[in-house]
Amino acid sequence: MWRIPYFIGGLVNFKRILYIRAQEQMFASWGIGAPARLAHLIAKPFVWANWRGLESLLKAQFKLGKCKMVPETRIEDGVNCSVPIATPGFFPMVADGRIKAIRGSFDHYEADTIVMSNGERVKADMAVLAIGYKLGVPFLPEVYRNKLVDPDGQYRLYRLIANPDLPDLGFVGFNSSFCTVLCADMAAHWLVRYADSQLAHQPSEREMRDNIELMLHFKRVERPAASVYGGLCVAPYHYKHFDELLADIGATKRRRSALAEMFTPPDADAYAQFLASAPNYHAAA
């Protein structure tokens, strides 16, 4: 997969390229109408050139050709929460041979040898199979899990926070992204208001179900990359997700200056000001 350096080209912090609204708007999002789809169609050659330029820069910076680690997929097709930050020093060590990188995975062991899935054999004193984790909610009763998670692993959550069939249950932090702490904080502000029916726009059960189906179709059909981690990832649509939450909460202020809003990453202090413009929340007795 494509990996992103902390500083692209050694100069520009990756947040100022991948976390900005201008970049987000290069992706067609959910619920857009015909005019927006036409705009994306017209801009398609320029968007294509943008991504090819970024790929070329990453190939040169990481020496991906020499490392034999050029991804087979286009970078824009996989932009989601699984895009990792490159470990500093990893690619240089692969390029000069200090790390031997093999495409494939463990197939089986023979004595002190690992037989890889591509047939290559690697002698080893120790093998560490670090494959991550499996997402799930095993602590919930099966009857709840069946309402929350579809057979293909996609979560049925409105705004990635609540499910109309589980009205006493909500999730803070399932709306993961490239700025997960801010996402979790926004979800918490939304959830307490939703639970106490104090959202400025309190959704009906019908509205929630329709939106859940729209989002599932988007993740399964329109942008399969959005289905990773059970669809619990708003990247690269941070701003649209925040816009929806702020609108539900009733914030009257939702934007910074035009330049800051378009070309700088989300700012926690700014969102504190946006939330302060919403109706006061009082915990229900």
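This briefing covers the overall build, the charged pairs, the surface and the backbone of one protein. The model is predicted. The protein has 285 residues, and 40% of them are buried. It holds 11 helices and 5 strands. A search of the whole structure finds 23 salt bridges.

**Overall build**

- Along its principal axes, the C-alpha trace spans about 65 × 50 × 35 Å.
- The protein exposes about 16,000 Å². Carbon and sulfur atoms supply 58% of that area.
- Residues 24 or more positions apart account for 63% of them.
- The protein carries 33 positive and 29 negative side chains. The centres of the two sets lie 6 Å apart.

**A buried salt bridge and its network**

- Arg21 forms a salt bridge with Glu261. Their closest N and O atoms are 2.7 Å apart.
- Arg21 lies in helix H2 (residues 21-24) and Glu261 in helix H10 (residues 258-263), so this pair ties together parts that are 240 residues apart in sequence.
- Both Arg21 and Glu261 are buried.
- Salt bridges link Arg21, Asp243, Arg255, Arg256 and Glu261 in a network.
- Arg255, a member of that network, also has a C-alpha atom 8.3 Å from that of Ala270. Arg255 and Ala270 are 15 residues apart along the chain.
- Ala270 sits in helix H11 (residues 268-276). Its relative accessible area is 7%, so Ala270 counts as buried.

- Glu110 forms a salt bridge with Arg121, with the closest N and O atoms 2.4 Å apart.
- Glu110 lies in strand E3 (residues 106-110) and Arg121 in strand E5 (residues 121-123), so the pair ties together parts that are 11 residues apart in sequence.
- Glu110 is partly exposed, at a relative accessible area of 34%. Arg121 is partly exposed too, at 48%.
- Asp112 forms a salt bridge with Lys123. Here the closest N and O atoms are 3.4 Å apart.
- Asp112 is in the loop between E3 and strand E4 (113-116), while Lys123 is in strand E5. The two residues are 11 residues apart.
- Asp112 counts as partly exposed because its relative accessibility is 42%. Lys123 counts as exposed because its value is 63%.

**A buried arginine without a salt bridge**

- Arg193 is placed in helix H7 (residues 180-195).
- Arg193 is buried yet has no salt bridge.
- The nearest side chain of opposite charge is Asp185, 9.0 Å away. A salt bridge needs the nitrogen and the carboxyl oxygen within 4 Å.
- Leaving aside residues up to four places away in sequence, Arg193 touches Gln198, Leu199, Gln202, Ile249, Pro279 and Tyr281.

- Leu38, Leu41 and Ile42 make a nonpolar surface patch of about 320 Å².
- Ile42 is in helix H3 (residues 34-62).
- Ile42 counts as exposed because its relative accessibility is 57%.

**Backbone details**

- The peptide bond from Ala235 to Pro236 is cis. Its omega is near 5°.
- Pro236 lies in the loop between helix H8 (205-222) and helix H9 (238-249).
- Lys63 is not a glycine, but its phi is positive, near 55°. Lys63 is placed in the loop between H3 and helix H4 (64-67).
- Lys68 is not a glycine either, and has a positive phi of about 55°. Lys68 lies in the loop between H4 and helix H5 (90-95).
- Lys68 is exposed, with a relative accessible area of 68%.

How values were computed
Residues numbered from 1 in each chain as written. Predicted model: local features only at pLDDT ≥ 70, side-chain atom pairs only at ≥ 80, totals over all residues. Heavy atoms only, no water. Patch = residues over 30% accessible without salt bridge, like charges linked within 9 Å, V, L, I, M, F, W, Y side chains within 5 Å. Areas by Shrake-Rupley, 256 points an atom, 1.4 Å probe, with all protein chains shown as cover. Helix = DSSP H or I, 4+ residues; strand = E, 2+ residues; numbered from the N terminus. Buried < 20%, exposed > 50% of the residue type's maximum accessible area, 1.4 Å probe, protein only. Contact = heavy atoms within 4.5 Å. Lys, Arg positive; Asp, Glu negative; His and termini not counted. Charge placed at Lys NZ, Arg CZ, Asp CG, Glu CD.
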